[in-house]
Amino acid sequence: MSGAAIARLVDIISASWMCQAAYAAAELGIPDLLDGASRSVDDLARTTRCDRASLFRLLRALAALDICIENADGSFAVTEMGRLLATRSECSLRSWALWAGNYQWQVWGRLLASVQSGRTARQLAGGDRGFVHLEADATAAAVFHETMAQLTRLVSLQVARDYDFAPAQHVVDVGGGHGELLANILSAHEHLHGTLYDRPHALKGAEAQFRRSKVAQRCTLLAGDFFQAVPPAADIYILKSILHDWDDHASV
C-alpha cells in the first residue's frame, strides 16, 4: 500500500478538525487580534473571553496549520495565510470560514442520509431545498453573500480582463448575489450595461457594491426567481457557481 495514499486519506478524514480550527479562529477574531503584533496567550484569552488552556491548544493547532506561529517567548503571531482570515484582509476568506464551519457544518453531516433518501440535507431537517431559508435569516444571508463575494473576488478581475465583452451591450448576472463579478465587469468595460438578477435577500448588499465601484448608473437590480424567468434580450448571461447547486432537471 502506497504511503502517499495512506497519508492522503488520513488528511481527508482529519479535515473536519482543520475546518473547525479555522472557523474558531475566524469567529474569535484571532487573526485580527494578531494582525500587526504578537500577543501572549493570557492577553488573547482575556480579549476573547476564552479559557486560557483551551485557547492555547487551539493556537497550537492553528500553528500546525500555518495559520499562526508560536514565538520563542510563547506569544503567537499571524502568518500570511492566517491574515486571509482577518476582516481587513484584501483577499479575506473569513466569511467562507464562518459559513463552512458553522452554517454548512450540520448540512454536510447529513450527506449519507441525503444520498440514501434522494432528499437534500435541508429537506431532511424539515426545511426547503435551496436557499429559501436565507429569506428568514438575515444573519445567515449576510454571511452567505459575503462568502460568495469573497470567493468571486478571487477570479472576477481575471474574468473581466480575459473574456471578450466588446461585442456585447447588455450583461445579465443570474444569481449574482451582491454583484461582485458584475461590478468588476462593468468597471473594466465602460460601454456595458448590466442587470443583477437574484432573490431579494441577495440584492440588499448590491447597491453599496455598485456605488463603491462607480457603476451604479449602468446597472439595474432586479429581484426574481430564475426558475420562473430571467430578464430577456441580453447579449450575455452569466451563471457563476449556480448550476452545481441543482440537479440536471432543474438546471436545464
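How much space lies in the second largest pocket? Here is my note on that and on a few other things to look for.

1. Before anything else, keep in mind that this is a predicted model. In that model, about 240 Å³ of space lies in the second largest pocket. Its lining residues are Cys19, Ala22, Tyr23, Ile67, Met81, Leu84, Leu85, Leu93, Trp96, Ala97, Ala100 and Gly101.

2. Which elements give two or more residues to the lining of that second pocket? They are helix H2 (15-28) and H6, and H6 supplies the largest share, with 4 residues. Sort the lining by class and you get 11 nonpolar residues, 1 polar and no charged ones.

3. Now go to the largest pocket, with about 1,400 Å³ of space. It is lined by 46 residues, and the ones closest to its centre are Arg122, Gly130, Phe131, Asp245 and Trp246. Find those five in the viewer and you have found the middle of the pocket.

4. Several helices each give two or more residues to the lining of the largest pocket: H6 (94-103), H7 (105-108), H8 (111-117), H9 (121-124), H10 (138-153) and H12 (180-188). H10 makes the largest contribution, 6 residues. The class count here is 17 nonpolar, 17 polar and 12 charged.

5. On to the domains. The chain is divided into domain 1, residues 3-85, and domain 2, residues 140-251. Taken over C-alpha atoms, the centres of the two domains are 35 Å apart.

6. Next, the largest nonpolar core, which has 28 residues. Ile30, Leu34, Leu55, Leu59 and Leu62 are the members that touch the most others. Two or more residues come from each of H2, H3 (30-34), H4 (41-48), H5 (52-64), strand E2 (76-78), H6 and H10, with H2 giving the largest share at 5 residues. Both domain 1 and domain 2 put at least three residues into this core. As background, nonpolar side chains in soluble globular proteins tend to be buried together.

Technical notes. Residues numbered from 1 in each chain as written. Predicted model: local features only at pLDDT ≥ 70, side-chain atom pairs only at ≥ 80, totals over all residues. Heavy atoms only, no water. 1 Å grid on protein atoms, 1.4 Å probe; cavity = no way out; pocket = protein on both sides within 12 Å on 5 of 7 lines; lining within 4 Å. Points joined across faces, edges and corners; volume = space filled by probe spheres on them. Nonpolar A, V, L, I, M, F, W, Y, C, P; charged D, E, K, R; others polar. Domains from an automatic or database assignment. Core = buried A, V, L, I, M, F, W, Y, C linked by side-chain atoms within 4.5 Å. Buried < 20%, exposed > 50% of the residue type's maximum accessible area, 1.4 Å probe, protein only.
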